[in-house]
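Trainee: Please show me the model, and then we can go through parts of it by question and answer.

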Amino acid sequence: MSLDLFSIESQANAGQTISLQGGELCYYPNFFPKKQADNLLNQFEQQLPWRQEQITLFGKRRLVPRLSAWYADDELPYTYSGITHQGLAWTQELMAIRRRLETTAAVEFNSVLANLYRDGSDSNGWHADDEVELGDTPVIASVSFGQPRVFQMKHRTDKQQKFKLELPHGSVLIMRGETQKNWLHQIAKSRRSMTARINLTFRWVDPLLAKSASRT
């Protein structure tokens, strides 16, 4: 794939700011043109080294209901839910997306967690990207390719505060400010017939804290 495609900025698709109680989102529904998004979906699905991890829940080992891959500068590790990923070397396509998102979000990223949801039975339960190595107010840029899925959010303390948004093919959702401190999010299971979805979440990980967390 020609990397020249990534020089095309979708300025006509200005981000939509969504204000939450104690959080902020910026949504780009058509960040990638459809043809480009199609090519990236096919390439990532076929070429990334997908793994299905295991976690311990209530004393039992269970398979995580999705596949994942972790890319980062300098082989940085990332630890969450008892799982430690060792950073892989960036592909040209992932690096090109990273650079474009850094310009859009006006922050620097040094890592990306890729998740592959194979069908509607794959999911990601309620959580926040609030590991200590991400800092107090992390900026998370979430890219979606493939099957549209509903992104659900709920406030940690105010149960009346809820939000949901369907994330289409080629979209970007940027979470910033105190969103991770005050809100949880999930991709729920669905009984509908669904095709594959790939989600890329770019973030900055503190190198010293990341290495410390991987040793505990």
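Trainee: Why does H185 count as buried?
Mentor: Buried means under 20% relative accessible area, exposed over 50% and partly exposed in between, with a 1.4 Å probe and protein chains only. H185 counts as buried because its relative accessibility is 6%.

Mentor: This is a predicted model, in which local features need pLDDT of at least 70 and side-chain atom pairs count only at pLDDT 80 or more, while totals for chains, interfaces and linings use all residues. Residues are numbered from 1 along each chain as its sequence is written, and side-chain values use heavy atoms, with hydrogens and water left out.

Trainee: Which strand holds H185?
Mentor: Helices (H or I, at least four residues) and strands (E, at least two) are DSSP runs, numbered from the N terminus. The run with H185 covers residues 183-187 and is strand 14.

Trainee: What span does helix 2 reach from its first C-alpha to its last?
Mentor: Helix 2 covers residues 92-105, 14 residues. The expected span is 1.5 Å times one less than the number of residues. That gives an expected 20 Å, and helix 2 is close to it, reaching 20 Å.

Trainee: Which residues touch the most other members of the largest nonpolar core?
Mentor: A nonpolar core is a set of buried Ala, Val, Leu, Ile, Met, Phe, Trp, Tyr and Cys residues joined through side-chain atoms within 4.5 Å. The largest has 32 residues, and those touching the most other members are I97, F145, L200 and F202.

Trainee: How many residues does the other core have?
Mentor: It lies apart from the largest one and includes L25, F151, M153 and L173. Its size is 14 residues.
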